[in-house]
Number of protein chains: 2
Amino acid sequence: MHPFDFTLEKTDPHTAARAGVLHTPHGPIDTPVFMPVGTQATVKALSPAELDQCGARIILGNTYHLHLRPGDELIRAAGGLHKFASWKGALLTDSGGYQVFSLRDISKITDEGVDFQSHIDGSRHFFSPEAVMAIEHNLGADIIMAFDECPPARANTAHIESAVERSLRWAARCADEHARLPAHYGFPQALFGIVQGGTIEPLRRRCAEELIAMNLPGYAIGGLAVGEDIAATYRVAAFTAALLPTDKPRYLMGVGTPADILEGIDRGIDMFDCVLPTRNARNGSAFTRNGKVNIRNAAHTRNFDHPLDDSCTCYTCSNFSLAYLRHLYMAGEILALRLLTLHNVHFYLELVTTARKKILSGDFAAWKSSMLESLQSKTIREEADPGLEVGSSG
Amino acid sequence: MHPFDFTLEKTDPHTAARAGVLHTPHGPIDTPVFMPVGTQATVKALSPAELDQCGARIILGNTYHLHLRPGDELIRAAGGLHKFASWKGALLTDSGGYQVFSLRDISKITDEGVDFQSHIDGSRHFFSPEAVMAIEHNLGADIIMAFDECPPARANTAHIESAVERSLRWAARCADEHARLPAHYGFPQALFGIVQGGTIEPLRRRCAEELIAMNLPGYAIGGLAVGEDIAATYRVAAFTAALLPTDKPRYLMGVGTPADILEGIDRGIDMFDCVLPTRNARNGSAFTRNGKVNIRNAAHTRNFDHPLDDSCTCYTCSNFSLAYLRHLYMAGEILALRLLTLHNVHFYLELVTTARKKILSGDFAAWKSSMLESLQSKTIREEADPGLEVGSSG
């Protein structure tokens with residue numbers, strides 16, 4: 001078996017939803033899967049032990065942030081990101097493309113690469129397909145993403161088309177460099193391609209077809225959830241997923257709310273990442289099956305008998321009342337951020353785990369409908385902040 | 001057996017050090033014991049599960065802070081502080097005396113009590129012996145401290161003498177009110193008296209003798225570590241401890257560094273609390289048996305092979321290198337504060353646990369000498385900040 005084989009266990013008869021297993025050098029990953037975001041070599045506020053207890057089997061690292069601080073060369077000297085962060089599960093690193101194209105002060109974008117300034121200290125750096133492959137080999141994640149050009153949602157057709165062309169040229173250079181570079185830590189790494197093309201279906205098709213011809217072990221859908229309306233996100237995700245090979249995992253980058261994830265699964269997506277569960281937690285917002293809870297709400301002040309979510313089995317909900325969590329949050333206590341983050345990550349992981357069970361039992365469509373109703377469409381789209389913590393939007 | 005019986009297991013033949021067991025409604029507590037400080041109903045940055053895993057059997061709550069936020073009436077409605085904070089071990093609450101006498105804007109101190117302003121919102125509050133007993137009964141800690149007057153270290157003899165007189169009158173009123181008030185949560189609470197008297201031995205003796213005549217279940221030494229030199233702290237602690245009954249626990253409030261705690265144990269102290277392990281952690285400072293580690297130090301940048309303390313068995317030292325901890329701290333990650341706090345609390349708890357073993361085996365004096373040498377007298381005295389987190393200085 002190839003180290004990154006994807007075993008498709010079941011396809012839902014009523015939707016495009018799939019249940020599978022993605023094999024990695026750090027263990028098998030049941031799909032659909034949600035990947036918590038660990039921008040700076042830590043999923044904010046959580047320990048590796050807690051992530052493991054929540055059921056996380058793969059987490060994200062951000063190439064842009066880790067290259068700048070502490071530096072990928074330092075992480076290589078530490079023995080790789082797994083060892084540095086003491087994470088025994090699988091890892092995926094983005095390529096930094098989304099970040100460097102989001103930054104101001106980019107002095108120069110050429111076919112060679114992108115020259116940009118650090119948001120930390122203003123120092124200058126250069127990302128090219130070759131440079132990014134070297135960084136991602138130093139970091140040593142199981143899955144590494146190709147370096148791509150990410151145009152903004154408001155870009156015109158010519159801009160999006162040229163970004164697709166460049167992303168394809170860069171994907172080929174990434175594949176060549178990835179093949180040339182050694183694996184530093186005794187296990188192989190899988191290079192995933194990223195389909196760009198904005199909301200223009202012919203460009204998505206062209207990009208997908210050329211990447212598929214490269215026979216990569218997995219494919220991501222990038223450039224969504226960057227400001228377009230949600231109907232377009234869902235439409236393009238469905239359109240693009242249907243173009244991709246059934247025997248490879250499909251990853252929708254940077255998406256999204258619990259409802260977005262259910263809609264993505266419905267459209268044939270296998271992998272997700274998003275900062276919402278962690279970032280919202282630090283802003284006092286918890287996801288529950290009955291919609292979002294704002295822990296600052298005075299209505300919780302004397303609610304001693306209920307946790308965030310009565311049906312949740314996480315450490316937070318098993319031990320602490322809404323009143324206690326509100327007190328901790330209002331008093332500025334770190335434990336508030338920890339407990340809310342733990343709950344939110346647990347909620348996301350349980351959501352995809354349950355989706356998988358429902359796909360396997362043939363009940364996905366009905367369950368999804370009732371779950372969406374329960375979530376009450378309280379979807380909030382949030383912009384990524386490159387200075388803080390960022391998921392991957394390709 | 002009385003619920004707060006203190007069993008003295010061994011007294012060291014070479015020093016005044018003692019090993020004992022203090023029984024409480026929430027389990028027996030081996031002494032000497034260190035009590036982590038949980039000012040706002042949480043030991044900052046730690047979960048109750050982590051405290052339990054570190055071996056904490058009793059933690060502190062602060063009456064002043066909890067009265068102001070979320071309010072002791074709210075905590076009573078929640079079923080008491082144990083239930084509110086989901087803490088299954090024992091609890092001790094200070095009386096707030098140290099805080100209200102430290103605050104500016106105290107408009108009026110009379111024999112009746114202290115009228116003061118909240119540091120949070122400027123609202124006015126009144127603490128008297130009776131009011132504090134009502135609050136401490138609402139909070140429901142196993143051990144509650146008498147309301148006392150805490151003069152500053154620079155107070156003159158007349159001021160210290162009048163504070164002793166008033167503290168004795170207030171202790172009697174506390175005992176009366178404590179006897180009159182019901183226990184709200186189905187278990188008894190123990191009222192400890194606090195010996196004041198600054199560094200003036202005749203005043204310490206007078207205060208101790210009158211409190212001993214009240215036959216309280218335990219006695220604290222307050223008003224030390226408030227600015228006097230460390231030799232005076234040790235001298236007065238030794239002098240006062242020797243006055244106290246051997247069959248009752250002795251608690252040195254708000255002390256101190258690891259070296260201070262060893263010196264306190266040497267002088268016959270059984271119980272300690274201090275914010276140093278938690279506060280220093282958040283400032284990037286870790287306690288180890290080889291002295292303090294400043295995690296920001298650039299020397300740790302590429303130290304991948306060593307944890308904070310090679311001989312430590314805590315989660316932090318079992319999993320993370322100095323380089324990783326430094327990266328997390330420099331990047332402003334919450335996990336840095338968590339891991340450093342966990343280590344420091346583990347270090348303090350292991351220090352007193354080891355001291356107890358050495359007392360039982362008759363090796364305390366020799367072990368203490370070598371440990372003090374190892375700690376390299378890197379003792380740093382820090383001022384309490386009533387706005388943040390405060391131990392008890394009586």
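1. The hairpin of β8(B) and β9(B) has six residues between its strands, and B:Gly122 in the turn has a positive phi of about 75 degrees. Strands here are DSSP runs of E with at least two residues, helices are runs of H or I with at least four residues, and both are numbered from the N terminus. The model is predicted: local features need pLDDT of at least 70, side-chain atom pairs count only at pLDDT 80 or more, and totals for chains, interfaces and linings use all residues. Residues are numbered from 1 along each chain as its sequence is written, chains are lettered from A and ligands numbered from 1 in the order in which they are written, and side-chain values use heavy atoms, with hydrogens and water left out.

2. β8(B) and strand β9 (residues 124-127) of chain B run antiparallel and are joined by four bridges. Two strands count as paired if DSSP finds at least two bridges between them. B:Phe116 has B:His125 in β9(B) as its bridge partner.

3. Strand β7 (residues 108-109) of chain B pairs with strand β8 (residues 114-117) of chain B in the antiparallel sense, over two bridges. Opposite B:Lys108 stands B:Asp115 in β8(B).

4. Together these strands make an open sheet of three strands in chain B, in the order β7-β8-β9 and with antiparallel pairing. β7 and β9 of chain B are the edge strands, since each pairs on one side only. Strands of a sheet pair through backbone hydrogen bonds, either parallel or antiparallel.

5. On the relation of the chains: chain B is superposed on chain A by a rotation of 180 degrees with 0.0 Å of shift along its axis, at an RMSD of 0.0 Å. The two copies are therefore related as by a two-fold rotation axis. B:Ile334 comes closest to the rotation axis among the residues of chain B, with its C-alpha at 3.8 Å.

6. The same surface serves both copies, as 100% of the contact residues of chain B recur in chain A. Chain B gives 37 residues to the contact and chain A gives 37 residues, where contact means heavy atoms within 4.5 Å. About 3,200 Å² is buried between chain B and chain A, 60% of it on carbon and sulfur atoms. Buried area is the accessible area (1.4 Å probe) that two parts lose on being put together, summed over both.

7. Four salt bridges are counted between chain B and chain A; a salt bridge is a side-chain nitrogen of Lys or Arg within 4 Å of a carboxyl oxygen of Asp or Glu. B:Lys44 forms a salt bridge with A:Glu333, with the closest N and O atoms 2.6 Å apart. Across the interface of chain B and chain A there are also 18 residue pairs in polar contact, both residues at pLDDT 80 or more. A polar contact is a pair of N or O atoms within 3.5 Å; within protein, one must be able to donate a hydrogen and the other to accept it, and residues adjacent in sequence count only if both atoms are side-chain atoms.

8. The elements of chain B that give two or more residues to the side touching chain A include α1 (48-54), α12 (315-319) and α14 (334-361). α13(B) gives the most to that side, with five residues. The residues on this side of chain B divide into 22 nonpolar, seven polar and eight charged. Nonpolar means Ala, Val, Leu, Ile, Met, Phe, Trp, Tyr, Cys and Pro, charged means Asp, Glu, Lys and Arg, and the others, Gly among them, count as polar.

9. Over all chains, the whole structure has 46 salt bridges. In A:Glu9 and A:Arg356, which form a salt bridge, the closest N and O atoms are 2.8 Å apart. A:Glu9 lies in strand β1 (residues 6-11) of chain A and A:Arg356 in helix α14 (residues 334-361) of chain A, so the pair ties together parts that are 347 residues apart in sequence.

Terms used. Least-squares fit on C-alpha atoms with pLDDT ≥ 70 in both.
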